[in-house]
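Dear colleague,

I am handing over the structure that follows, together with an account of what was found in it. Please read the text with the sequence and the model at hand.

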Amino acid sequence: MTRSLWFNFIFILLITALVVIIDLPQGPKIFGRDFSIHEGLDLKGGIRLTYEADTTGLSDEDAKQAQESLINAIDRRINILGVTEPRVEPVTINSMRGISVELPGATDAQGAIALIGQTAQLKFLEEDPTTGFKETGLTGKHLSKATAGTQQASSASPGKSFGGQSFSAANPIVTLKLNSEGTKLFADITKRNLGKPVGIQLDNDIISAPTVQAEISDGNAIITGLELNEAKDLAKLLNAGALPVTIKLVNQQTIGPTLGQRSIQLSIVAGVLGMFLVALFMILNYRFWGLLATIALIIYTLINIAIYKAVPVTMTLAGIAGFILSVGMAVDADILIFARIREELKKETSLKQAIDHGFNRAWPSIRDSNIASILTAIILFYGATGLVKGFALTLAIGIVISMFTAIFITRNFLFLSLSFRRRLK
Amino acid sequence: MIQFVKYRYINFIFSGALGVLSILAIWIWGFNYGIEFKGGAAVEVFSNNPLSADVVNEVAKTKEIQITSVQNQGGGVVSIRSDNLDENKKTELVKALDEKVGGVKENSFQTIGPSFGQDASRRAIWSVAIAVLAIVIYISYAFRGVKYPFTSWQMGLSAIIALVHDTLLTSGFVVVSGHWFGYQLDSLIIVALLTLLGFSVHDTIVVFDRIRENLRTMGTDNLNEVIDYSINQTLARSIATSMTLMLVILSLVALGGPTIRHFTLTLAVGVFFGTYSSIFVASPLLLYWHTKKHR
């Protein structure tokens with residue numbers, strides 16, 4: 001009996017060591033993964049934007065596809081902003097498909113909205129006698145790559161034309177490289193429109209309308225007339241890809257970092273104080289067992305934090321609430337067990353038997369109440385959004401871990417202390 | 001031994017009174033909905049100097065911003081809501097307020113389209129409803145061995161009634177605090193209510209478990225005594241658990257800062273009622289089912 005006790009104890013020590021290492025502020029790099037706590041927006045500050053996608057007229061299959069391409073496109077655009085750990089996720093709002101964008105640490109809401117909101121549909125237009133300009137069928141879909149650069153200074157008219165050798169002193173330009181189908185289309189268009197302007201339209205604006213000088217069959221189109229940073233942004237935007245459907249901003253939230261920082265600091269202080277008071281209470285009430293339970297509780301907290309770092313679980317205030325509740329339930333499990341053991345002791349059984357029976361008798365209560373709570377957490381997790389989801393997740397994780405802690409760790413400590421007492425006698 | 005069962009009618013009257021008061025409060029005053037559920041725009045500022053609603057309204061008028069409410073959340077935090085505030089106007093407003101009063105900084109800013117708000121409330125209500133249903137089903141299943149003197153379904157129902165009681169009374173508190181202190185109902189408060197839901201169920205099941213066991217060992221003859229005995233046994237434990245949870249939550253209330261005070265206070269009230277209901281509402285209710293059958 002003692003053998004297996006010691007094995008288990010060493011196992012517990014190993015786990016504790018592992019989680020302590022993971023929990024250290026630096027965080028190790030195991031398997032090349034960074035271990036650090038991911039803070040939600042309400043703790044770190046940042047910007048959250050929610051968009052509705054206009055998928056009217058699309059079949060369900062197409063709408064789903066559109067939503068996915070939307071996510072990819074917006075993801076690429078956000079990388080332009082250089083935000084760390086951005087999150088772009090699909091959401092459903094009132095049975096409409098949408099996108100939720102989280103930019104932790106970002107402060108420029110205007111800039112983000114402007115960048116993301118642009119549909120960025122690129123179209124090539126040719127002259128039409130009646131309507132002015134009409135679409136040629138050559139669009140951003142045929143674009144393989146856009147590069148920003150400058151053209152050499154040279155002679156001739158400063159100007160915007162295709163195929164001609166018209167250069168100006170270091171004009172910023174964007175070179176559009178078209179794919180094979182696009183190259184063919186473009187060759188046709190330039191052939192038909194020799195000497196006439198061809199328009200390049202981005203969303204609703206014609207950004208360039210150069211005159212065709214010669215047929216272009218190499219699939220390169222050049223946009224001039226831009227400032228250097230305009231050219232760079234345009235190239236990036238075009239490369240990120242156009243949005244397949246139009247989107248509408250339905251929710252915008254900016255949270256200042258100071259708000260988050262203060263919350264965290266105060267909460268940590270409050271949490272530590274709370275834990276300390278709980279430990280005091282347990283030790284006063286259950287003495288030595290209370291001390292063992294407290295140690296088990298500390299290990300419990302460390303395991304939880306390690307899991308938050310590893311999954312990773314994005315911590316929000318609601319997540320902290322879920323964790324606090326699970327701590328309460330973990331302590332409750334311990335109290336249930338100790339109360340039972342005391343009852344058993346009154347029946348004049350041996351200490352060892354009392355502990356055994358205590359655990360056995362307490363287990364149904366613990367199991368039933370925890371399963372009910374886990375059920376609730378799962379339903380909440382799948383049914384609700386955002387904050388509530390975070391709460392449900394930490395609650396569920398906490399309850400599962402607490403069952404492990406109470407049944408395995410506390411039990412092991414108790415029996416081990418028993419065998420020590422025997423040795424001492 | 002405290003005779004809970006004997007005095008249960010007093011409990012029912014007390015709970016009933018609080019319940020009615022809560023319903024009245026909700027009806028007359030209504031919830032102070034945050035914009036997450038109502039839609040609109042809200043900017044929260046932190047002000048070193050006192051910032052009154054009049055000043056805010058005055059400044060807002062010069063910028064052609066329509067203010068729907070100004071609420072002082074305590075600790076220098078002021079929450080301003082409007083129907084036509086966008087990013088640009090918000091920046092103007094904060095700057096103007098800073099110029100006027102000095103030391104005004106923006107904490108957070110949020111705009112919600114109406115569809116989004118509706119969706120959030122709908123989801124919240126649905127998830128809670130399904131969770132409650134799941135709890136009834138689970139309790140009925142877990143306690144299926146209990147046939148007499150009350151069925152496991154009745155146990156499930158009693159637990160839910162206790163739960164509804166908790167939620168109602170805590171919601172009453174939310175409404176009152178909304179009316180008196182300007183606390184807003186946002187998703188964080190919903191989380192607090194859910195926390196209390198989880199805790200209350202947990203607590204109630206532990207008491208029921210004890211009752212089930214005692215029914216087995218003590219027999220079902222003197223039902224009043226069995227239930228009384230069970231409650232007394234679990235009383236110490238119930239209070240102990242609530243105490244530990246309260247210790248942590250009260251620390252948060254005291255030290256957590258004004259921005260989450262509404263959240264932590266609601267948690268504290270919820271835990272209190274959750275414990276109260278397991279002892280004073282759920283268990284005596286079981287007796288009611290039994291006596292009803294045998295009338």
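In this predicted model, chain A contains an open sheet of four strands in the order S8-S7-S12-S13, paired in the antiparallel sense. Strand S8 (132-139) and strand S13 (205-208) of chain A form the edges; each has a single partner strand, so one side of each is left without a neighbour in the sheet. On average, and with direction ignored, neighbouring strands of this sheet are turned by 45° against each other.

One detail can be located by residue: A:Glu126 has A:Lys134 in S8(A) as its bridge partner. Helix H5 (residues 180-192) of chain A lies across S7, S8 and strand S12 (198-202) of chain A, and runs at about 155° to S8(A).

For chain A as a whole, the counts are 10 helices and 17 strands. The chain has 425 residues, of which 48% count as buried. Among the contacts in chain A with a separation of 6 or more, 74% are made by residues 24 or more positions apart. Chain A exposes about 20000 Å², and carbon and sulfur atoms supply 59% of that area.

Turning to chain B, which residues of strand S3 point one way and which the other way? B:Val77, B:Ser79 and B:Arg81 point to one side of S3(B), while B:Val78, B:Ile80 and B:Ser82 point to the other, and all are buried. Because six of the six residues of strand S3 (residues 77-82) of chain B are buried, the strand is largely enclosed by the rest of the structure. Strand S1 (residues 40-47) of chain B pairs with S3(B) in the antiparallel sense over six bridges, and B:Val43 stands opposite B:Ile80 in S3(B).

Two residues in helices of chain B may also be of interest. B:Ser22 is part of helix H1 (residues 8-28) of chain B. Its relative accessibility is 7%, so B:Ser22 counts as buried. Apart from neighbours within four places in sequence, B:Ser22 is in contact with B:Leu168, B:Leu169 and B:Gly172. B:Gly156 is located in helix H6 (residues 152-181) of chain B and is buried, with a relative accessible area of 0%. Not counting residues up to four places away in sequence, B:Gly156 touches B:Val136 and B:Ile139. From B:Gly156 to B:Ala96 there are 60 residues in sequence and 57 Å in space, C-alpha to C-alpha.

The remaining points concern the core and the interface. The largest nonpolar core has 125 residues, and A:Phe391 and B:Phe150 touch the most other members. Residues up to four places away in sequence aside, B:Phe150 touches B:Met155, B:Ile211, B:Leu215, B:Ile227, B:Leu286 and B:Trp289.

Between the chains, 59 residues of chain B are in contact with 61 residues of chain A. The area buried between chain B and chain A is about 5400 Å², and carbon and sulfur atoms give 65% of this area. On the chain B side, B:Arg123, B:Tyr138 and B:His202 lose the most area to chain A, together 11% of what that side buries.

With kind regards

Terms used:
Residues numbered from 1 in each chain as written. Chains lettered and ligands numbered in written order. Predicted model: local features only at pLDDT ≥ 70, side-chain atom pairs only at ≥ 80, totals over all residues. Heavy atoms only, no water. Pairing = 2+ DSSP bridges. Axes fitted to C-alpha atoms, helices over the stretch in contact; angles between N-to-C directions. Contact = heavy atoms within 4.5 Å. Buried < 20%, exposed > 50% of the residue type's maximum accessible area, 1.4 Å probe, protein only. Areas by Shrake-Rupley, 256 points an atom, 1.4 Å probe, with all protein chains shown as cover. Core = buried A, V, L, I, M, F, W, Y, C linked by side-chain atoms within 4.5 Å. Buried area = accessible area lost by both parts, 1.4 Å probe.
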